[in-house]
Amino acid sequence: MNGPREPIGVIGAGYVGLVSAAGFADLGSEVFCVDIDEAKIELLRRGEVPIYEPGLAESIERNRGRIHFSTTLDQAIGAARLLFVCVGTPPTYAGDADLSAVNAVVEAMPASANHALVMKSTVPCGTGRSIQRIFAEQGKAALAYVSCPEFLKEGSALADFLGPDRVVVGADGDSWAADAVCALYEPLGAPLVRTDVASAEMIKLAANAFLATKISFINEIANVCEETGANVLEVARGVGLDERIGPKFLSAGIGYGGSCFTKDVSALKLLAANSGYHFQLLGSVIEVNELQKRRVVAKLARHLGSLAGTRIGLLGLAFKPNTDDMRGASSLVLAARLAAEGAHVRAYDPVATEEALKVMPELDCAEDVEGALEGADAVVLVTEWPELLALDWAAAAAAMAGKVVIDGRNALDPAAVRAAGLIYEGIGVG
Ligand SMILES: NC(=O)c1ccc[n+]([C@@H]2O[C@H](COP(=O)([O-])OP(=O)(O)OC[C@H]3O[C@@H](n4cnc5c(N)ncnc54)[C@H](O)[C@@H]3O)[C@@H](O)[C@H]2O)c1
């Protein structure tokens, strides 16, 4: 794309940071990308991309001359006014957002009226206000602060970044920095929500909490469908055609996962509690999700009896297709529960095996899908990777010792599975 564009700094080269760097570079900005992880920066300098995200490696390669990688902030501060913070905010043991990485960046910010910290990391509502207070205490009051939460989805992150449903820019009062951030996004033509910092922070948390609520809602409907003989696929279609509801996030399954929903829903619930409000609904959303992952174990036991000594194949590990991110993946809970019941779990994922073994080194992972099917008494589709949806079920049936197929995503063709002589069971589909 064309025209001179504002150079920017991106602090944190993870899923959000790298995608933002690539996206802004695609729009024509010079990008100065910083991460404290030396190995990661070394890889990126060599042209290798440390995460799996469709189109990202190509975009970074395309913009090689325009994206500069460093382990220190100097170059970014020297070249750019807008410093986008994209560091992680994982949950603490208490379930709140851990802001230690954000705080380290805040400490390192210059006392400069020509710079702005633009917060892309998801932070509790009130964080911006306290950071601005810290800036004032540290003699950095002139440094501007903007909240610009990110809504991309892993698996389609770059496309989401370049085609967002909306852009949210929060600043308190008149702000040259908020104007500059709006100008950066302007070519995307997305609806702009220009608001105050606290509201921008809350928009991000509320959006994730609402989506998680929608998933837990349809999962409970699926569970009731199982008791009553209705089919949740039909129900979701009929419900989702209501304009007020919409069809998205009405897919019943084995629960939501990923780094964002799990931590952001919990963080919002605790933010409310810490502020003196008991957010009852979110308590249920979280509990339903936890139970949903475990219901697969009960389904398997209904078919197999005791699970002790059985072989269970897990098809897919990543929390969703097209990512290698294992944070909060339902597969981890499922594998641990099955192991606790005495089952031997053998898993296969086309992309996420390496990440899965970092979190759960004891997991037995097959190199190909045949390895997970071989001798299995039952298999569970955990992640709807295209490769797994295209399985030859006749060959699968020949390789398996048993007949049970649990479709944890309602993504398989039940007729094809049954035609191979296997027993198909989905979630809420009778
Ligand atoms: N992953 C998503 O889908 C997504 C979507 C929207 C928002 N978010 C939010 O964006 C933020 C980043 O998420 P992510 O998934 O990209 O995290 P990530 O863990 O993939 O990346 C964070 C990066 O920050 C780096 N880092 C930590 N401290 C640093 C410091 N002081 N200076 C420079 N770099 C530092 C880490 O080394 C890491 O590479 C989180 O707050 C998350 O909630 C994530």
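I started at Y15: a polar backbone atom of this residue is 3.0 Å from an oxygen atom of the ligand. I note that the model is predicted.

Next I looked up side-chain partners. T89 places a polar side-chain atom 2.5 Å from an oxygen atom of the ligand. For K263, too, I read 2.5 Å between a polar side-chain atom and an oxygen atom of the ligand.

I then checked burial. How much of the ligand's area does the protein bury? The ligand taken alone exposes 830 Å², and the protein buries 87% of that.

I turned to the shell. Helix α5 supplies the largest share, 3 residues. I count 27 residues surrounding the ligand. The closest are D35, K40, T89, E154 and K263. By class, I find 13 nonpolar, 6 polar and 8 charged residues in this shell.

Second topic: a helix pair. I looked up α6 (residues 127-137) against α9 (residues 197-228). Their axes lie 8 Å apart, and the packing angle is about 140°. Is that roughly antiparallel or oblique? Roughly antiparallel needs an angle over 145 degrees, so α6 is oblique to α9.

Which residues make the contact? From α6 I list T127, G128, R129 and Q132. From α9 I list V197, A198 and E201. I sorted the contact of α6 with α9 by class as well: 2 nonpolar, 3 polar and 2 charged residues.

Terms used: Residues are numbered from 1 along each chain as its sequence is written. This is a predicted model: local features need pLDDT of at least 70, side-chain atom pairs count only at pLDDT 80 or more; totals for chains, interfaces and linings use all residues. Side-chain values use heavy atoms; hydrogens and water are left out. A residue is near a molecule or strand if one of its heavy atoms lies within 4 Å of it. A polar contact is a pair of N or O atoms within 3.5 Å; within protein, one must be able to donate a hydrogen and the other to accept it, and residues adjacent in sequence count only if both atoms are side-chain atoms. Accessible areas come from the Shrake-Rupley method with a 1.4 Å probe; for residues, only the protein chains shown count as cover. Helices (H or I, at least four residues) and strands (E, at least two) are DSSP runs, numbered from the N terminus. Ala, Val, Leu, Ile, Met, Phe, Trp, Tyr, Cys and Pro count as nonpolar, Asp, Glu, Lys and Arg as charged, and the others, Gly among them, as polar. Axes are lines fitted to C-alpha atoms, for helices over the stretch in contact, and angles run from 0 to 180 degrees between N-to-C directions. Angles under 35 degrees count as roughly parallel, over 145 as roughly antiparallel, 65 to 115 as roughly perpendicular and the rest as oblique. Contact means heavy atoms within 4.5 Å.
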